[in-house]
Amino acid sequence: MVRVHRYDAVNDEDAGELTMQTPGDPTYRRARRADLLRFVDRARHPLGFGWADDDGAIDADRPVELWITCRMTHVAALGALAGEAPAADGPSRERLLALVEHGVASLRGPLQDADHGGWFASIGADGPVSTAKQAYGHAFVVLAASSAVAVGAPGAEALLTEALDVVVDRFWDEETGLLVDEWDRGWDVLDPYRGVNANMHAVEAFLAAGDVTGDQRWHERAGRIGARVVGWAAANEWRIPEHFDESWVPQLDHHRDQPAHPFQPFGATVGHGLEWARLLLAVEATLGERAPEGLAAAASALTERAVADGWSTDGAPGFVYTTDWEGQPVVRLRMHWVLAEAINTAWCLWLRTQESRYLDWYDEWWEYADRHLVDHERGSWHHELDENNRVSREVWPGKPDVYHAYQTALLPECPLAPSFATALAAARGSHDG
């Protein structure tokens, strides 16, 4: 195999001359991105973006989820900024821009709570389905709005201002340097649960917001969150405690009776160790000398732990979903997002360290993705496999999410910092200029 790796601008015409389609090379990744954008287009719903089934059609029995609408808006913005060549039946750049505008309108319309502020977790034709105000979803509003600002979508700046105000006023705890997790609709009752998952996505969102606004306080907040999580992970053999009580005391038995919970599973979530590693490298690259100490070392340690505990540990290739606190597999399902984040982290660690073993992992995991997860017949990626790498629908039926897979196919085109949308906007400006 001839290894071809580069992170030039996506719309570099020379890239078209690379004829190999080895999994992970530029031509292959460009084809994957074009395919995923088809699913963004097909998921457009009058209220936002819907839950896509295996073929990319909207599942009418499911509500419109805030996090899905935000992720689709974000990816449509990245596709427009990247100047992606559409698939045969995929959206043009003009269509992608229209999809971003639709996402912004949805987030400033039916998904927004006009009476109490903030955003509903999910809605249907008759109004809110879940009125919970969740930090997880609000972090994605910030991310979607930041990407929409970068692409110049009408209303995006106002949306971002509103989202950042809500995050500061309702979720950000200045004393702890972390986000609380969930309020009721009227912001009267705060759930005592505290979680790392929402804080992880807030790191990505805060980096993006700081990049497009120029307000470095958001970068600093991302650094504070990252430093807290590094401390918890280092004290727990680099298996990240995910669940906490209201005083931020780890609750290591949380959801022991629901080990495959899609957002709050029991034990150590292998993919989050990998995703945190990538984000810590982004925080370090963004903050430079102002970054908390040891982020690169922590990224390496988190990755080593995730690979040792999670990769091919139960007799078949693939990353298991979760392990217990001794590193033994609990949920053996293979989630597509875990493999996507593994690929991302391997690439980022190679950029940071230039150690060739990370490129070896990058190649190995892209080959696995191509063999088992990329759906070459119907499009997108299978979201879940069983322990024998057969398609499963136990936790994630259908294909509602393109965010992880698209970013994985895009990442080598970008540096560690700034964030995706800002990097692509700068590259596009340099080409246009």
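No disulfide, that is, no pair of cysteine sulfur atoms within 2.5 Å, turns up in a search of the whole structure. The sulfur of C414, for instance, has its closest cysteine sulfur in C348, and at 10.0 Å this is too far for a bond. C414 is also buried, with a relative accessible area of 3%, where buried means under 20%, exposed over 50% and partly exposed in between, for a 1.4 Å probe and protein chains only. This is a predicted model, in which local features need pLDDT of at least 70 and side-chain atom pairs count only at pLDDT 80 or more, while totals for chains, interfaces and linings use all residues. Residues are numbered from 1 along each chain as its sequence is written, and side-chain values use heavy atoms, without hydrogens and water.

Turning to the rings, the search finds 25 aromatic pairs, counted when rings of Phe, Tyr and Trp (its six-membered ring) have centres within 6.5 Å, with planes under 30 degrees apart called stacked, over 60 edge-to-face and the rest tilted. W51 and W396 form a stacked pair, because their centres are 6.0 Å apart and their planes lie at 20 degrees. Since W51 belongs to the loop between β2 (48-49) and β3 (64-65), and W396 to the loop between β16 (384-385) and α12 (403-410), the pair ties together parts 345 residues apart in sequence; helices (H or I, at least four residues) and strands (E, at least two) are DSSP runs, numbered from the N terminus. W51 is buried at 6% relative accessibility, and W396 is buried at 11%.

W67 and F263, by contrast in angle, are edge-to-face, with centres 5.9 Å apart and planes at 80 degrees. Ring pairs link W51, W67, Y136, F140, F263, W396 and Y403 into a cluster.
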